[in-house]
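Hi everyone, thanks for making time today. I'd like to walk you through one structure, so please have a look at it while I talk.

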Amino acid sequence: QKRDGSTFPLGKIGQVVNTNYTGISTTTSATPADVSGFSATITPSLTSSKVLVMVTVYFGGVTNAYNYILCQRQISGGATTSIGLGVNASGNQINTFLSNGQNQNTFHFNEYSKNILDTPSTTSAITYQIQHAQPYSSNTGYINRIGDSSDAVYVQSPSSTITLMEVLA
């Protein structure tokens, strides 16, 4: 029920929050770091609500850049948890939220999308923050930029997005 006593229709979308990330993230680090401005915050209406997290990212970089991102969930006043990770990595391998997964071509973007249904069990504000890393040989990886920066028509500027939808349950 809502706070005013009326009933929510279950299985419906309660609210939608979207961030269109137009910045450029640049990294040579194997350690994931927050991408400033690439996050979204939602406050569920019910503790039973789920949050559908939808992320689309445009990776670019120099040859041999293997970009990946993590999606960090932070409930207001609480701990940060990495959601939607793979589970099969061992040794030097890395469990990720989304991975470039191939040798990056300096002149191309690789676009990847992922949806995950999260169950945060709270009515506190939740921030979903994207982190970016590139773990291979200190090569440069980008979000929203290719490796080439010349003044040419093939150098284009996309945006990446994170969308949160409260699913009432």
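Let me start with a tyrosine: Tyr 112 is partly exposed, since its relative accessible area is 22%, and the cut-off for buried is under 20%. Please keep in mind that this is a predicted model.

Tyr 112 has an aromatic partner. Searching the whole structure turns up five aromatic pairs, and I'll show you two of them.

In the one with our tyrosine, Phe 59 and Tyr 112 sit 6.0 Å apart, centre to centre, with 50 degrees between the planes, so the pair counts as tilted. Phe 59 belongs to strand 4 and Tyr 112 to strand 8 (residues 110-118), so this pair links distant parts of the chain, 53 residues apart. And is Phe 59 buried or exposed? Phe 59 counts as buried, because its relative accessibility is 0%.

The other pair is Tyr 21 with Phe 38, and this one is stacked: 4.9 Å from centre to centre, with 5 degrees between the planes. Since Tyr 21 lies in strand 1 (residues 13-21) and Phe 38 in strand 3, the pair ties together parts that are 17 residues apart in sequence. Both partners count as buried: Tyr 21 because its relative accessibility is 6%, and Phe 38 because its value is 0%.

In soluble globular proteins, nonpolar side chains tend to be buried together. In this model, the largest nonpolar core has 21 residues, and the ones touching the most other members are Val 53, Val 55, Ile 69, Tyr 128 and Ile 162. Which elements give two or more residues to this core? They are strand 3, strand 4, strand 5 (68-75), strand 9 (126-133) and strand 11 (160-167). Strand 4 gives the most, with five residues.

Leaving aside residues up to four places away in sequence, Val 55 touches a whole list of others, among them Phe 38, Ile 69, Phe 97, Tyr 112, Lys 114, Ile 130 and Ile 162.

Lys 114 lies over the face of Phe 97, at 4.6 Å from the ring centre. Elsewhere, Arg 145 lies over the face of Tyr 142, with 4.0 Å to the ring centre.

Ser 48 is in the loop between strand 3 (33-42) and strand 4 (50-61), and counts as partly exposed because its relative accessibility is 35%. A polar atom of the Ser 48 side chain lies 2.5 Å from the backbone oxygen of Ala 169. What about Ser 48 and Leu 168, which are 120 residues apart in sequence: how far apart are they in space? From C-alpha to C-alpha, Ser 48 and Leu 168 are 7.2 Å apart.

The remaining two are about backbone angles. Most residues other than glycine have a negative phi. Ser 121, in the loop between strand 8 and strand 9, has a positive phi of about 55 degrees. Ser 137 also has a positive phi, of about 50 degrees, and is found in the loop between strand 9 and strand 10 (141-143). Ser 137 counts as exposed because its relative accessible area is 52%.

That's my tour, and I'm happy to take questions.

Notes: Residues are numbered from 1 along each chain as its sequence is written. This is a predicted model: local features need pLDDT of at least 70, side-chain atom pairs count only at pLDDT 80 or more; totals for chains, interfaces and linings use all residues. Side-chain values use heavy atoms; hydrogens and water are left out. Helices (H or I, at least four residues) and strands (E, at least two) are DSSP runs, numbered from the N terminus. Buried means under 20% relative accessible area, exposed over 50%, partly exposed in between (1.4 Å probe, protein chains only). A polar contact is a pair of N or O atoms within 3.5 Å; within protein, one must be able to donate a hydrogen and the other to accept it, and residues adjacent in sequence count only if both atoms are side-chain atoms. A nonpolar core is a set of buried Ala, Val, Leu, Ile, Met, Phe, Trp, Tyr and Cys residues joined through side-chain atoms within 4.5 Å. Contact means heavy atoms within 4.5 Å. Rings of Phe, Tyr and Trp (its six-membered ring) pair if their centres lie within 6.5 Å; planes under 30 degrees apart count as stacked, over 60 as edge-to-face and the rest as tilted. A charge sits over a ring if NZ of Lys or CZ of Arg is within 6 Å of the ring centre and within 35 degrees of the ring normal.
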